[in-house]
Amino acid sequence: MAKKKLGIGIIGSGGIAQGAHMPGYAALADCEILAVADVSEGARNSAAEKFNVPHKFKDWKDLLKIEEIDAVSVCTPNTYHFQPTIDCLNAGKHVLVEKPMAISAAEAKKMLQTARKLGLKLMVGQTARFNPQARAMKDFIESGAIGDIYYARAMALRRRGIPGWGAFTSKKLSVGGPIFDIGVHILDLTLWLMGFPEPKTVSGTVYNPIGTRPGPQVAGMGGWDPAKYGVEDFGVGLVKFKNGATVVLEASWALNLAEDIHGTILCGTKGGVQSSPLRLIREECGALTVADPQILSGPSGHAEEVRAFVECIQKNLPEPVPAEEALITQRILDGVYESSKTGKEVKV
Ligand SMILES: NC(=O)c1ccc[n+]([C@@H]2O[C@H](COP(=O)([O-])OP(=O)(O)OC[C@H]3O[C@@H](n4cnc5c(N)ncnc54)[C@H](O)[C@@H]3O)[C@@H](O)[C@H]2O)c1
């Protein structure tokens with residue numbers, strides 16, 4: 001008898017669903033996308049048509065009534081990560097939820113507790129760890145080549161990259177700007193490479209002088225409405241960890257820089273490693289040697305993320321991005337906003 005395929009549901013069938021999750025599942029012979037749910041008729045129709053999906057719904061609760069659905073990707077704007085995830089878990093479905101896991105650590109904690117109570121997988125879409133370059137960095141670090149990491153800089157700095165589409169600049173739907181959108185990716189990558197040390201305090205500030213400024217715009221990713229711009233356009237945080245390590249997180253959609261800066265720099269007691277481009281720094285033979293490792297091939301981060309999610313369900317493995325780790329990241333992100341509001345260093 002043929003093995004039953006893993007039934008997949010998609011909640012929020014916009015950009016990331018159609019660009020990453022759905023192609024990821026479609027590429028796996030043992031998965032079948034059975035339904036999409038989206039409040040936008042256009043988004044659900046185009047997703048269903050493109051990926052040959054038999055069922056489409058406006059309300060995600062209707063999708064959850066399909067018994068053959070085993071796992072769901074939650075790809076809605078940030079404010080709608082929490083409730084669909086809780087509803088999916090309560091309906092007995094495993095969940096791959098997009099980043100940031102939620103809009104607060106309190107929500108993230110409830111999601112995690114629900115998944116653990118019900119014995120279901122809950123993974124967060126931290127795509128950056130699945131790139132071949134990230135895997136190589138992890139291997140270098142685990143080989144002991146750079147010793148103990150005590151300082152890192154996590155940078156996701158766009159000069160002009162305020163998203164001109166979707167809900168990204170809406171305070172109501174997204175709650176945070178670049179700190180939530182791209183800061184979360186580089187922070188997750190950095191913390192994963194450091195082995196997720198326990199954070200102690202965060203001191204941070206967020207700004208939005210460019211996003212809210214009326215008048216002519218220098219735009220890189222489409223224009224935006226400054227009157228409706230509700231989130232930060234730049235944020236910075238200094239995070240101190242219980243093991244003595246320090247991380248600086250910087251994320252912008254708009255900042256007056258000469259060029260974009262993306263990547264992480266990790267400094268250890270014996271050497272360092274940095275991404276974009278990948279470089280390995282070591283103390284050797286009385287000198288600092290800098291190597292430029294060449295990654296010749298590998299799967300895309302998005303495809304690998306979906307494949308790894310499916311595998312963890314099928315083989316009952318721990319999630320490759322467990323909710324416990326995403327909760328740590330979320331506590332730090334909350335800390336940046338909280339510290340900016342209070343003007344004080346906050347415990348996280
Ligand atoms: N991992 C990554 O690299 C990556 C990249 C882009 C976006 N994202 C994340 O994915 C999420 C979605 O971003 P996007 O770029 O796909 O946005 P999008 O606007 O293209 O798609 C979101 C979809 O959700 C739908 N939606 C909104 N409210 C809904 C509701 N209550 N019920 C059902 N559907 C609803 C919208 O109609 C839209 O079609 C965000 O949280 C974002 O942070 C992750």
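Predicted model: local features only at pLDDT ≥ 70, side-chain atom pairs only at ≥ 80, totals over all residues.

Trainee: What secondary structure does the protein have?

Mentor: There are ten helices and 15 strands, taken as DSSP runs (helices H or I, at least four residues; strands E, at least two) numbered from the N terminus.

Trainee: Why is the protein called as compact as a globular protein of its length?

Mentor: Its radius of gyration is 20 Å, close to the 20 Å that the globule rule gives for 348 residues, so the description holds. The radius is taken over C-alpha atoms, and the rule is 2.2 Å times the number of residues to the power 0.38.

Trainee: How many disulfides does the protein have, by the rule applied?

Mentor: The count is zero, a disulfide being a pair of cysteine sulfur atoms within 2.5 Å. The sulfur of C31 has its closest cysteine sulfur in C312, 11 Å away, which is too far for a bond. For C88 the closest cysteine sulfur is that of C75, also at 11 Å and too far for a bond.

Trainee: Why is C88 counted as buried?

Mentor: Buried means under 20% relative accessible area, exposed over 50%, and partly exposed in between (1.4 Å probe, protein chains only). C88 has 0% relative accessibility, so it counts as buried. C31, with a relative accessible area of 8%, is buried too.

Trainee: Which residues of helix α6 are buried, and what do they pack against?

Mentor: In α6, residues 132–142, the buried residues are A134, A136, M137, K138 and I141. They pack against β7 (149–157), α8 (178–193), β11 (261–268) and β12 (271–274), contact meaning heavy atoms within 4.5 Å. Just after α6, G144 has a positive phi of about 90 degrees.

Trainee: How do you know that T190 is buried?

Mentor: T190, in helix α8, has a relative accessible area of 0% and is therefore buried. Leaving aside residues up to four places away in sequence, T190 touches A152, A154, V247, T264 and L266. The C-alpha atoms of T190 and G263 are 9.0 Å apart, although 73 residues separate them along the chain.

Technical notes: Residues numbered from 1 in each chain as written. Heavy atoms only, no water.
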